[in-house]
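User: I am new to this structure and would like to learn how its features are read. Could we proceed one feature at a time?

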Amino acid sequence: MKLANSTVALVIAALAVGTYAIRVSGVMLRDKLKLPEGVLRLLPVAATTMLLALIATAVLTNGDKWELGIARPAGVLAGALLAWRKAPFIVVVLVAAVTAAGLRAIGVE
Amino acid sequence: MRSIWRTPDADLIRDAAALSVAAGVIGLSFGAIATASGLAYWVPIAMSLFIFAGGSQFLAVGLLALGNPLAAVLGGLLINARHLPFGLAVGPVIGDKTWTRLLGSHVLIDENTAFAMAQTDPRRQRQAFWLVGALLFVTWNAGVVLGVVVGGMVGDPATFGLDAMFPAALLALVLPSLKDKVTRTAALAGAAIAVLATPVLPAGLPILASLLGLLLIPLVQSRQPVTV
């Protein structure tokens, strides 16, 4: 089904306004809410938890089901080992990409 | 004020630039995929400028191509809901003035949240947030426009290993925080919950469900006050 241009524009507008509202409310509420000390200490922990969840789902799923390949986890693992050994960030990301791309180039998916 | 806006360190610029180039290539494929799925050329461009959240944009394009506008809005907002707790965490980093926070909110993404939180010094935190946010905004949008123009000539970003690059980059940034036992426990449990929940929950919810990992904190907290 082909959607009308006006419908698509409305979807984009709703997503833009909604996403900005989500972002700005977190940023602005931080000071307004007068959160208790315990909650303030939890915020960075919560952010790290969600970031690690993003990483884990990006590596181990394709968005709606589990997908255990070889190339992608191997690339991320190579990068993670280098990061753990305190390699510079740029080396970490390049090695991760080259490892995954190299494995795919020789037919390992 | 001047000290805060001093030129960022060379290593910060280099790292931010590396991630931004990769984001530009992902943007390239987003622009190409969106137009290939039959959407008008302005759709991916408007999305990238005004929504500026890659995951939700890919989902929305897929659902619009299937003729499902309502699911595109709801699904996209669900994926972006994580930005609220991100905003709570990095809000003070963005700036002290209202207008800087209003502007910074639009470029609040996973990458600059991770980059800012990986810095210890407040000046570098602010620089990292703005540098990564601004650079990614430019390269992502430029990539999308280019992808719309060149269309079908764009290859799959996985060929270049970019699907491994982004998780590795974020992992390198969160690794230092995982040294803390409380954070490590919550984050590992949360990541496991998110992966396990992915096949059963709609996109976006598994990431929010990872916050359940915080419930394990009392089990590992040593400094727990003794209540009588």
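Predicted model: local features only at pLDDT ≥ 70, side-chain atom pairs only at ≥ 80, totals over all residues.

Analyst: Let us begin with a term. Helices are DSSP runs of H or I with at least four residues, numbered from the N terminus.

User: Where does Lys34(A) lie?

Analyst: Lys34(A) sits in the loop between α1 (5–32) and α2 of chain A. Although Lys34(A) is not a glycine, its phi is positive, about 50 degrees. With 7 other C-beta atoms within 10 Å, Lys34(A) is exposed.

User: How is the length of a helix judged, and what span does α2(A) reach?

Analyst: The expected span is 1.5 Å times one less than the number of residues. For α2(A), with 24 residues, the distance from first C-alpha to last is 35 Å, close to the 34 Å expected. This helix bends by about 30 degrees at Leu43(A), and a proline, Pro44(A), follows within four residues. Because 17 of its 24 residues are buried, α2(A) is largely enclosed by the rest of the structure.

User: Which residues does Ala56(A) contact, leaving aside its neighbours within four places in sequence?

Analyst: Ala56(A) is found in helix α2 of chain A. A residue is buried if 20 or more other C-beta atoms lie within 10 Å of its own; Ala56(A) has 26, so it is buried. Beyond its sequence neighbours, Ala56(A) is in contact with Ala191(B), Ala194(B) and Val195(B).

User: What does α10(B) pack against?

Analyst: Helix α10 (residues 181–197) of chain B has 17 residues, which should span 24 Å, and its end C-alpha atoms are 24 Å apart, so the two values agree. Its buried residues include Thr183(B), Gly190(B), Ala191(B) and Ala194(B). The buried residues of α10(B) pack against α2 of chain A together with α11 (205–209) and α12 (217–220) of chain B.

User: How many residues does each chain give to the contact between the chains?

Analyst: Chain B gives 80 residues and chain A gives 65 residues. On the side of chain B that touches chain A, helix α9 (residues 162–174) of chain B gives the most, with twelve residues. That side divides by class into 54 nonpolar, 20 polar and six charged residues.

User: What can be said of α9(B) itself?

Analyst: The 13 residues of α9(B) reach 19 Å from first C-alpha to last, close to the 18 Å expected at 1.5 Å a residue. Since 13 of the 13 are buried, α9(B) is largely enclosed by the rest of the structure. As for Ala168(B), its contacts beyond four places in sequence are Gly75(A), Val76(A), Gly79(A), Ala80(A), Val92(A), Val93(A) and Ala96(A).

User: Which residues touch the most other members of the largest nonpolar core?

Analyst: The general idea comes first. In soluble globular proteins, nonpolar side chains tend to be buried together. Here the largest nonpolar core has 107 residues, and Val93(A), Ala96(A), Met165(B), Ala168(B) and Leu170(B) touch the most other members. Helix α2 (residues 37–60) of chain A supplies the largest share, 14 residues. Domain 1 (10–177) and domain 2 (180–228) of chain B both give residues to this core, so it lies between them.

User: How far apart do the C-alpha centres of those two domains of chain B lie?

Analyst: The C-alpha centres of domain 1 and domain 2 of chain B lie 25 Å apart. Seven residues of domain 1 of chain B are in contact with eight residues of domain 2 of chain B. On the domain 1 side of that contact, helix α4 (residues 69–80) of chain B gives the largest share, three residues.

Note on methods
Residues numbered from 1 in each chain as written. Chains lettered and ligands numbered in written order. Contact = placed C-beta atoms within 7 Å. Helix = DSSP H or I, 4+ residues; strand = E, 2+ residues; numbered from the N terminus. Nonpolar A, V, L, I, M, F, W, Y, C, P; charged D, E, K, R; others polar. Domains from an automatic or database assignment. Core = buried A, V, L, I, M, F, W, Y, C linked by C-beta atoms within 7 Å. Buried ≥ 20, exposed ≤ 12 C-beta atoms within 10 Å, placed from the backbone. Bend = angle between axes of the 7 residues up to and from the residue.
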